[in-house]
Structures are given as structure tokens and as C-alpha cells.
Amino acid sequence: QVQLVESGGGLVQPGGSLRLSCAASGSIFSINRMGWYRQAPGKQRELVATITSYGSTNYADSVKGRFTISRDNAKNTVYLQMNSLKPEETAVYFCNEKALLPGGLWGDDYWGQGTQVTVSS
């Protein structure tokens, strides 16, 4: 089991910035992929950004150039720096962890409880 605890959400004005953090604990594989997803009211959960243990990143097209994902492997923590936020990015942001198992298979998805990000004036 993996436990994920997010922090850093809140209310920010359009064009502002926030930094989300997600600390992982428990049975964490040394090679994994961690990431951020978001879910707005009435919408499906969508990918924001992911990062592997090796530092390989992937971003949704809508956030490229504005959001930056990073991680501290020693602390099992992943960060999401969000700049130039837009009102339509108001959502609950969820941290995700997925292990890369021996043999190349991906393990189960683990999710945090989510942190609310509200972009409004």
C-alpha cells in the first residue's frame, strides 16, 4: 500500500501561481511514475502532468509552458508549480503513484485525497 498526502491548494487570482506538494509513504517501489490529475465539477478526471523516477516528464497540452512537475526522490515527494492559472483550471487536484514492476508491468494506481484549487477574482 502507498499513502499519498497532497498539500498546497487554495484560492488564487487569475494569472497567479500555486505550488502543490504530494508526499508518498508506504510500500514505494524505487522505480515509479508520480503525477497530478485534476477533476472539475461535472467533468472527468484528466491528466495534468507526470514524472518518472528517472525524471522523464509528460504534460497535458493545456498546461505546457505554465506548469512544471518535479520530484525529490530522497523525500518521495512530487511537486507541481502552477503559473498563469486560469479560472477554468479550478478543480480538485489529485496526486497519483504507479510503480514500474519487474518485467515491465505497471502496478496499481494509488491516489491521494485531493486538494482544491480555486482560480477566481
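Q: What is the handedness of the link of Cys22 and Cys95, and which angle about the S-S bond goes with it?
A: In this predicted model, the angle about the S-S bond is -85 degrees, and the link of Cys22 and Cys95 is left-handed. The pair brings together distant parts of the chain, with Cys22 in strand β3 and Cys95 in strand β9 (residues 91–100), 73 residues apart.

Q: Why is the pair of Cys22 and Cys95 called a disulfide?
A: The S to S distance between Cys22 and Cys95 is 2.1 Å, and the cut-off for a pair of cysteine sulfur atoms is 2.5 Å, so the pair qualifies as a disulfide. A search of the whole structure finds one disulfide, and both of the cysteines Cys22 and Cys95 are buried.

Q: What makes β1 and β3 a pair of strands, and in which sense do they run?
A: Strand β1 (residues 2–7) and strand β3 (residues 18–26) share six bridges in the antiparallel sense, and because a pairing requires at least two bridges, the two strands count as paired. One of the positions along this pairing sets Val2 opposite Gly26 in β3.

Q: Which residues of β8 stand opposite Leu18, Arg19 and Ala23?
A: Leu18 stands opposite Met82, Arg19 has Gln81 as its bridge partner, and Ala23 is bridged to Thr77. The two strands concerned, β3 and β8 (residues 77–82), pair in the antiparallel sense over six bridges.

Q: How many bridges join β7 to β8, and what is found in the hairpin of these strands?
A: Six bridges join β7 to β8, and the two strands run antiparallel, with Ser70 standing opposite Tyr79 in β8. The hairpin has four residues between its strands, and Asn76 there takes a positive phi near 50 degrees.

Q: In what order do the four strands form the open sheet, and why is one side of β1 and of β7 left without a neighbour?
A: The order is β1-β3-β8-β7, with antiparallel pairing. Strands β1 and β7 (67–72) stand at the edges and each has a single partner strand, so one side of each is left without a neighbour in the sheet. Neighbouring strands of this sheet are turned by 15 degrees against each other on average, direction ignored.

Q: What makes β8 largely enclosed by the rest of the structure?
A: Five of the six residues of β8 are buried, so this strand is largely enclosed by the rest of the structure.

Q: Is Glu89 buried or exposed, and how do you know that?
A: The relative accessibility of Glu89 is 2%, and because buried means under 20%, Glu89 counts as buried. Glu89 lies in the loop between β8 and β9.

Q: Which side chains make polar contacts with the side chain of Glu89, and what makes these contacts polar?
A: The partners are the side chains of Arg38, at 3.3 Å, and of Arg66, at 2.5 Å. A polar contact calls for N or O atoms within 3.5 Å, one able to donate a hydrogen and the other to accept it, and therefore both pairs are counted. Leaving aside neighbours within four places in sequence, Glu89 is in contact with Arg38, Ser62, Val63, Arg66, Phe67, Ser84 and Val117.

Note on methods:
Residues numbered from 1 in each chain as written. Predicted model: local features only at pLDDT ≥ 70, side-chain atom pairs only at ≥ 80, totals over all residues. Heavy atoms only, no water. Axes fitted to C-alpha atoms, helices over the stretch in contact; angles between N-to-C directions. Buried < 20%, exposed > 50% of the residue type's maximum accessible area, 1.4 Å probe, protein only. Contact = heavy atoms within 4.5 Å.
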